[in-house]
Amino acid sequence: MQWLRRSAIRLLTVPAVAAVACAAAPAAGRAPQPIALGVTVAGLPLGGFGSEEARASLRRGLDSPVTFQLRSRRWSARTDQLGAYLAVDAAVAEALSAPPGADVDVAAAVVPGRLAAYVAALDRRFSRPARDARLTGLDARLRPVVAPEAAGRKLLRGATQAAIARALRLAQREPVVPVFRTTAPRVTRQNLGPIIVIHRESKGLHVYEHGRLVRRIAIATGQARYPTPLGTFTVADMQLHPWWYPPDSDWARGRHPVPPGPGNPLGTRWMGLSAWGVGMHGTPDAASIGYSASHGCIRMRIPDAEWLYQRVRIGTPVVIVSA
């Protein structure tokens, strides 16, 4: 583990650090000697320094806040916020007896879980989910407006924690850059699929794919008493050769279910919407196309319904406007 390498901070309990720190006091009657040439402590060259000078220099470096940088954003955290208490006195004592050119570690007492908690807070603050491409409305010409997809990012907690640990063991620190993994959206403009725009009054169903109008389908919509609802919905149910079941409505009282076949009111395909009881379907009554003739559903000729059924899927957006 990197924390156990020669160049790493040794993580000790608080009593252990205090015990080592007691060794910083020079022995009585012995003239103080400077640190041997070439000795570094936590990456800081202290060769030729006396104990007090070395202690002050090392403390300035190790007690300074850890700086973070994420693109144009910069912030800092104190070492105690990160859970580290660095044994400066003990490191200087070891440096005073070290041979020329030695690299001296710095022991540290750590508060269990504090660094992990800080990294978890960074995760909550800076991680963001990927954003799928999505329909946001219609433009002035009643064409779909699609917001583009955007990648997300997820903080890699272990890698970020290791980067902070590396910074803590150095007296001369570079900014820590949190480590992220890019997350991809599931839905892009290329795989968004079709968007349906239904013009209720002009009796037209427009199919858009990748922002381009690919087909206009003539339809029938609801009667004045049973109007086709306006709004944005999705395809919520798809049935091949559906049964027709009478709804709980006055107009259907006394009627019986109709199995698949030539006389089925739903034709051969049913594409139910998230508006209750309303769907797009074929009809054996082609003469009704172009009129307000249904009980709220969107009727079309059976070949048109079969074509549309092959292109939509559960979740396909359907916008119904009054035009």
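Me: What makes α2 oblique to α3?

Reply: Helices α2 and α3 pack at an angle of about 135°, with their axes 9 Å apart. Angles under 35 degrees count as roughly parallel, over 145 as roughly antiparallel, 65 to 115 as roughly perpendicular and the rest as oblique, so α2 is oblique to α3. Axes here are lines fitted to C-alpha atoms, for helices over the stretch in contact, and angles run from 0 to 180 degrees between N-to-C directions. As a note on sources, this is a predicted model, in which local features need pLDDT of at least 70, side-chain atom pairs count only at pLDDT 80 or more, and totals for chains, interfaces and linings use all residues. Residues are numbered from 1 along each chain as its sequence is written, and side-chain values use heavy atoms, with hydrogens and water left out.

Me: Which residues make the contact of α2 with α3?

Reply: From α2 come Ser 51, Ala 54, Arg 55, Leu 58, Arg 59 and Leu 62, and from α3 come Val 88, Asp 89, Ala 91, Val 92 and Leu 96, where contact means heavy atoms within 4.5 Å.

Me: How do you know that the span of helix α2 agrees with its number of residues?

Reply: The expected span is 1.5 Å times one less than the number of residues. Helix α2 (residues 51-63) has 13 residues and should span 18 Å; its end C-alpha atoms are 17 Å apart, so the two agree. Helices (H or I, at least four residues) and strands (E, at least two) are DSSP runs, numbered from the N terminus.

Me: Why is Ala 42 called buried?

Reply: Buried means under 20% relative accessible area, exposed over 50%, partly exposed in between (1.4 Å probe, protein chains only). Ala 42 has 7%, so Ala 42 is buried. Ala 42 lies in the loop between β2 and β3, and has a positive phi of about 55° although it is not a glycine. Most residues other than glycine have a negative phi.

Me: What makes Arg 71 count as exposed?

Reply: Its relative accessibility is 65%, so Arg 71 counts as exposed.
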